[in-house]
Amino acid sequence: MTDPVLFARGGATFATGVARFRDNLDRSFEETDARIYVQVLPGDLPFPVEAMVDTAAPWCIFSPLIGERLRPHLDILREPVFLHTRLGRFRGALYRGSVKIPADEGIPLEVDAVMFLCEDWPGGNFVGYQGFLQNIRFAVDPHRNRFYFASL
């Protein structure tokens with residue numbers, strides 16, 4: 001058993017890792033939307049990428065540049081797949097591969113995730129609910145910008 005970094009009521013372990021997140025206040029955005037960004041390591045990338053935590057996103061979504069590097073090392077699940085967003089409709093494919101959340105405290109978490117990759121995607125990187133967030137336990141401390149996580 002790993003050392004917990006956050007406990008649930010009654011003393012049970014809730015999270016075994018925590019990472020600092022960035023939000024719009026850190027990024028000096030003029031936007032008023034509340035957004036949380038965490039560092040993740042998708043696939044076998046040797047460097048982390050910043051991704052927005054989006055419980056409304058159906059899958060993890062990565063930029064075309066990241067997708068190009070990941071695609072050869074992932075398992076394809078389904079093609080074509082259409083993603084409808086505020087930016088429009090996009091045709092891509094679903095892949096399966098690991099996405100790791102590095103830990104500032106505790107232990108990192110590696111998740112077998114579903115990723116939507118599209119050569120025309122104009123948005124940023126996202127960790128979505130289906131195929132990622134639904135498979136972990138997570139909590140946010142907005143006062144200290146901490147993202148807590150653990151496997152289910």
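A salt bridge is a side-chain nitrogen of Lys or Arg within 4 Å of a carboxyl oxygen of Asp or Glu. In this predicted model, R144 and D141 form such a contact, their closest N and O atoms being 3.2 Å apart. A search of the whole structure finds four salt bridges, including those in the table.

| Salt bridge | Closest N and O atoms |
|---|---|
| R144 and D141 | 3.2 Å |
| D112 and R96 | 3.3 Å |

D112 is partly exposed at 45% relative accessibility, and R96 is partly exposed at 31%.

Strand β11 (residues 109–117) is largely enclosed by the rest of the structure, because seven of its nine residues are buried. Nine bridges join β11 to the antiparallel strand β9 (residues 88–101), and S98 has D112 as its bridge partner in β11. Strand β7 (residues 60–62) runs parallel to β11 and is joined to it by three bridges; there, I61 is partnered with F116.

An open sheet is formed by four strands in the order β10-β3-β14-β13, with antiparallel pairing. Its edge strands, β10 (105–106) and β13 (136–141), each pair on one side only. Two bridges connect β3 (residues 17–20) with β10, where G17 stands opposite G106.

R146 is buried at 17% relative accessibility, whereas E105 is partly exposed at 38%.

Technical notes:
Residues are numbered from 1 along each chain as its sequence is written. This is a predicted model: local features need pLDDT of at least 70, side-chain atom pairs count only at pLDDT 80 or more; totals for chains, interfaces and linings use all residues. Side-chain values use heavy atoms; hydrogens and water are left out. Buried means under 20% relative accessible area, exposed over 50%, partly exposed in between (1.4 Å probe, protein chains only). Two strands pair if DSSP finds at least two bridges between them.
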